[in-house]
Structures are given as C-alpha cells and as structure tokens.
Amino acid sequence: MVEPQSTANAARTETAKEADREVTPCQARLIEYLDEHGIKPASWYVNRAIFDGQLRIYLTLNCNLHCPYCVNEQMGETFKKYDLAPPENWAEAINREERHVVFTGGEPFLYPNLDKLINAINPELRVRVYTNLCLNILETLKKIKRQAHFFVSWHPRKGADKSKFIANLKYILEAPHLTADIHAIDAEETKELLAEDLEHFRSRGIVPDMDSDQRTFKGSGQNSLSNVFCRRRIFLIAPDGVRYQCVSRLMRKVQPMENFLDEPLGPDANIDICQEFGNCAPCDSLGETTMAIIRGKD
C-alpha cells in the first residue's frame, strides 16, 4: 500500500551543515544523543512532518493488486506472511490506547469482518482506511455504521475494476457518515494506462489527486548499505499485533518490539542503530523521521 504524500510534509536529504541551520525537535534529540557518543554524521535525512499520534495498523499484507511501486512488491523474497488477529482483539487494544487509527495493508477489505472491527471502535476515535476499492465490498460498506474516512487509491493494473471502484466510491460519497479522498500514483510503469483511466474518471466527475512515486527515497532500493542512527515517532503495527520501528522490518519480521494486542504501547519515539540504510521501504521516508547517516557498512 502506498501512503498519499498529502498526509506527510516534504522530506529531503541534507548535509550536516544544512541540517544545523534548521533543526527539528526530532533531529535535536538525535543530535544530543550523537554528541553524547562523539558521533559525527556524514549526512542527514529529515522529514519535517509532525507526529500525528495515530496507530498505523497493517490488518493484512495480502492485496488483490500487485503494483510495481508498492512496498510489498519492493521487499521481494524477504516479504513474510502473518497470521491475522481477530477483530475483537484489535478493537479492545485500540480502545485501550485511546488513539486514532489508520488501517492499511495490503488491502484492508481483504481482512475478514472489517466492518465489525470498525463498528467496535470507540466512536470518539477517528478511523481511516487505505483501500483500492476494487473488490465486491458494497455490502461490507453498508454494514459500517459509524464515521470513517477512506484514503482511496486508484492503481491502473490488471484486476483493477473501474466499475466496482466507481460503485463503491459513489456509496461512500453519498453516505452521511463516510468520507473519502482519492489519489493516484504518478509511476513510470503505468503512465499510459493511468492517463486513459483518469480521462474515464474525469468524465464521471471523479478527479484524483496525483502523488509522486515514493521509490525516489535514497534509503530504499540501494545495492550498498550504510550505517544510520534513526529516530522515528510512529506506531507501525503488523497483522499479528507486533510493533516495528519501520515498514521494512515489519515486512521482513525482523527486530520486533512490543505486542500491541498484549501490552500497552511503549514510547512513541525510538532511536535505533541500523546497518541497513538503503534497504528501507519507500514509505519509511514518511512521518516524523530523522536519520543520521554515518558511513558505508564495514
């Protein structure tokens, strides 16, 4: 699943000198940590987004589409499968933490009883769902009785059904308790197909926002890896309830943190020493993130 960049502030890679001129709170804490240990970074990656406090829960990593720019596809053979937690367990943990929640994946509508889960969440908490809307989910949508917002993404792929997409979107936009944003990804592999699809949608009054391809992030898809001190303020939770520092680790099931379903969440920010800058997921560039890049791996 690709997160719309409209939900995150711009990010850029900076030299150490540039970073010193405009230090973010997240970066300041990491600089303090590095100074204490006598470490001088060669460069910085800084996303100036402000932590939104939301839970980002990957209900399933399965998807009905296989887009070339999707993080799941980027992880290749390292991608792992998860057992799925039942909806009542998710609802209990979400309500316990009293945090707004974003459901992502994969395709969340492939998670069994998504409507039951959404309805069981405290109505004072915001619920947001990333979805491609290309499934037979109209009856599931009709079972959702509380407010929910959908981040809808169009992907011009085989299996991306425009008629289902439009019917599902029409229901959401007409339902008084449901809302939606619509976006598409400007990826090189799908430019021609996307242009045709956008014309089809515009003729029906649907105008998606365009997001750039997240694979331009220099921490992703590299042959050589670097050592990095990474500080992120984010709650990323896998389909089995386990929290991870980044999407790359979540996809590979490496270096797990606390299990959200069994215990309270730990601090929202963690400084992590990592030897895999270059093997990040493309979307690990998003959110309140600061990375101090040290050197290539020895």
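A polar contact is a pair of N or O atoms within 3.5 Å; within protein, one must be able to donate a hydrogen and the other to accept it, and residues adjacent in sequence count only if both atoms are side-chain atoms.

**Entry 1: the model**

I note that this is a predicted model, in which local features need pLDDT of at least 70, side-chain atom pairs count only at pLDDT 80 or more, and totals for chains, interfaces and linings use all residues. Residues are numbered from 1 along each chain as its sequence is written, and side-chain values use heavy atoms, with hydrogens and water left out.

**Entry 2: Tyr-45**

I looked up Tyr-45 and found its side chain reaching the backbone oxygen of Ser-285 at 2.8 Å. Tyr-45 lies in strand S2, residues 43-47. Helices (H or I, at least four residues) and strands (E, at least two) are DSSP runs, numbered from the N terminus. Is Tyr-45 buried or exposed? Tyr-45 counts as buried because its relative accessibility is 4%, where buried means under 20% relative accessible area, exposed over 50%, and partly exposed in between (1.4 Å probe, protein chains only). I also recorded that Tyr-45 and Leu-173 are 128 residues apart in sequence and 38 Å apart in space, C-alpha to C-alpha.

**Entry 3: the whole chain**

I recorded 9 helices and 13 strands for the chain. With a radius of gyration of 19 Å, close to the 19 Å that the globule rule gives for 298 residues, the chain is as compact as a globular protein of that length. The radius is taken over C-alpha atoms, and the globule rule is 2.2 Å times the number of residues to the power 0.38. The C-alpha trace spans about 60 × 45 × 35 Å along its principal axes. Of the 298 residues, 53% count as buried.

**Entry 4: the sheet**

In what order do the 8 strands of the open sheet stand? I read the order as S8-S7-S6-S5-S4-S3-S10-S11, with mixed pairing. Strands S8 (209-212) and S11 (243-244) stand at the edges, each with a single partner strand, so one side of each is left without a neighbour in the sheet. Two strands pair if DSSP finds at least two bridges between them. S6 (residues 148-154) and S7 (residues 178-186) pair in the parallel sense over 7 bridges, and Ala-148 stands opposite Leu-178 in S7.

Helix H7 (residues 162-174) packs on the sheet and touches S6 and S7, its direction making about 145 degrees with that of S7. Helix H8 (residues 191-202) lies across S6, S7 and S8 and runs at about 145 degrees to S7. Contact means heavy atoms within 4.5 Å; axes are lines fitted to C-alpha atoms, for helices over the stretch in contact, and angles run from 0 to 180 degrees between N-to-C directions.

I listed the buried residues of helix H4 (residues 87-97) as Pro-87, Trp-90, Ala-91, Ala-93, Ile-94 and Glu-97. Their cover includes strand S3 (55-58), strand S4 (101-104), helix H5 (114-120) and strand S10 (235-237).

Ile-118 is found in helix H5 and is buried, with a relative accessible area of 0%. Which residues does Ile-118 touch, not counting those up to four places away in sequence? I found Phe-103, Val-127, Val-129, Ile-144 and Arg-146. Strand S5 (residues 127-131) is mostly covered, with 4 of its 5 residues buried. S4 and S5 pair in the parallel sense over 3 bridges, and Val-101 stands opposite Val-127 in S5.
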